[in-house]
Amino acid sequence: EEHRRIKGPGSILLAISLVGVWPESKSFLDTGFGPVPSSWKGECESGTNFTTKNCNRKLIGARFFARGYEATLGPVDESKESKSPRDDDGHGTHTSSTAGGSSVADASLFGYAAGTARGMAARARVAVYKVCWVGGCFSSDILAAMDKAIDDGVNVLSMSLGGSMSNYYRDSVAIGAFAAMEKGIFVSCSAGNAGPSSYSLSNVAPWITTIGAGTLDRDFPAFVTLGNGKNYSGVSLYKGDAMLPGKLSPFVYAGNASNATNGNLCMMGTLIPEQVAGKIVLCDRGVNPRVQKGAVVKAAGGLGMVLSNTDANGEELVADAHLLPATAVGQKGGDEIKHYLFSDPKPTATILFEGTKVGIQPSPVVAAFSSRGPDSITPDILKPDMIAPGVNILAGWVGSVGPTGLATDGRRVEFNIISGTSMSCPHVSGLAALIKAAHPDWSPAAIKSALMTTAYVTYKNGKKLQDVATGKDSTPFDHGAGHVDPVSALNPGLVYDLTADDYLNFLCALNYSATEITSLARRKFTCDASKKYSVTDLNYPSFAVNFGSGGADAVIKHSRTLTNVGAPGTYKVVISLQSPGVKVAVEPETLSFRQANEKKSYTVTFTGSSMPAGTNSFGRIEWSDGKQIVGSPIAVSWA
């Protein structure tokens, strides 16, 4: 029903800046699309295995950028990768079809996750800008691609890539995104896959929408049954002829079938074939790719593999299309299985594959790998902004590599299931395209605000979102404003809007020099020496409050302005923050809006009392008129 509101299918242009596209994927079929909009200035560039004929009315642009790469590492080796917009590894095709793929019936990976595959904005046009190569993605190429996408006329830029943390004026993605924002283009980026460590985020500029990852209510269970009769639940996407015999098979710990000090990790060439042949092998997760461990076991003559999480991953399970019968189990189960292996003189096991299960609860939960706040560049901005689905996501794939990406994987699939904040980012990019189509006059900040203030932080049963890394409630440093809620975001009631000048004032508040601002904004802007700038004046839809050491009687004020984008109404504020260390006061407590686009301001005063360094408290500020709830997360920290 919500899609019917979109004015004119195909009017919104999505750009995906990544590692190219596999244009033959059914996700880019242009059935039912009208002519390419006349405003579009992009084109399809020719190169290795790619011509202008590979584009159509759906995939309307494809470019590649390698000058920075080649200036540093020499020419792209066309025997190893395509010097063209063609995607050789699957990442670009998967992300672009997630954001804007056409509807494809009977999609699945080996029968797993079967159904109709459809991008978030299935009627949007897609343009792809390839910036990553075997040797990496160079800042100069990323910035050149972003600038070209802006010139070409995109509406949304989706970037499932991330680099090291650096100041905004040194960060090519932040620089490119600033120019996009000035032209009214929404930019979404992956938060990173460096969780669950704190301060692990990338792409944190406030003019970027930073997306973490959560799970779906779908799983792919595969159970380990041991000779002692115990069962342990795991996950797998294995499908093949080499199914395990129904009976139990000999079972061995990789560390006991290797002479290498890290033999437990099943690294290349570390297993002794005589001790592995005809057996199921338990490998520990870590260092080398999960699917490669299975390939190592298979090469040594193993029958199957149980992949056990260690401390680093806890209970987080990510499904893989293994090359041999295999399943992944959590740390607790893995430890119990190892205890059995070490204590039973003749251990045996088998693996039972259960296919696709839906209705898994609780869901979503924050993925352990999803990068976490606080924001190390500007702690007074709360990041990530939100989470979206990023675990075991089915989307389009390439014809050049198998689902594992390993050279030894000869299987070919039209769709693949993979995980990462690279998968969650394009979900939000596609949703932003839908919102932009419904509200063409909204700024990128208004779209971000709509997505954030309508995101949810509780399940339908009222309990708080969970973090798989801790097994406890997740916090705004994990999930930002919450999990995105697409239908609610189309009608948020009120939005926190921002202009380019607001962001420039924010840079002044950070004490950026004129040279640093020019590096970032690529135009002259001088801060007004007579004006007092404050980071807490940035009209952001969330609140990060940092009290110094002790924090006794410290007062921090945030000012915000809400714009009415819904019906007239009177909104009352509700503050929820359970902490003896901080008092919160909002002034005024009621805001009345009589007409569209009317603006009303309020201030929030946070008064801190002494708390131990390293303490965090979390809460929410919600404005409601009885129908709409406009919610913002609060994160309070004591240094």
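The torsion about the S-S bond of C132 and C137 is about 105 degrees, so this disulfide is right-handed. Its sulfur atoms sit 2.1 Å apart. By disulfide I mean a pair of cysteine sulfur atoms within 2.5 Å. C132 is buried, at 10% relative accessible area. C137 is partly exposed, at 37%. Buried means under 20% relative accessible area, exposed means over 50%, and partly exposed is in between, with a 1.4 Å probe and protein chains only.

A word on the source. This is a predicted model, where local features need pLDDT of at least 70, side-chain atom pairs count only at pLDDT 80 or more, and totals for chains, interfaces and linings use all residues. Residues are numbered from 1 along each chain as its sequence is written, and side-chain values use heavy atoms, with hydrogens and water left out.

How many disulfides does a search of the whole structure find? It finds 4. Number the bonded cysteines in sequence order, and the pairing reads 1-2, 3-4, 5-6, 7-8.

Next, C44 and C55. Their S to S distance is 1.4 Å. The torsion is about -60 degrees, so this one is left-handed. Both cysteines lie in the loop between strand 1 and strand 2, 11 residues apart. Strands are DSSP runs of E, at least two residues; helices are runs of H or I, at least four; both are numbered from the N terminus. C44 is buried at 11% relative accessibility. C55 is buried too, at 17%.

Now C266 and C283. Their sulfur atoms are 2.0 Å apart. This link is left-handed, with -85 degrees about the S-S bond. C266 lies in the loop between strand 14 (249-253) and helix 5 (273-276), and C283 in strand 15 (residues 280-284), so the pair ties together parts 17 residues apart in sequence. C266 is at 0% relative accessibility, buried. C283 is also buried at 0%.

C425 is in no disulfide. C189 is buried at 0%. C425 is buried as well, again at 0%.

Last, S25. Where is it? S25 is in the loop between strand 1 (13-18) and strand 2 (59-64). S25 is buried, at 7% relative accessible area. Leaving aside neighbours within four places in sequence, S25 is in contact with T93, G396 and W397. Contact means heavy atoms within 4.5 Å.
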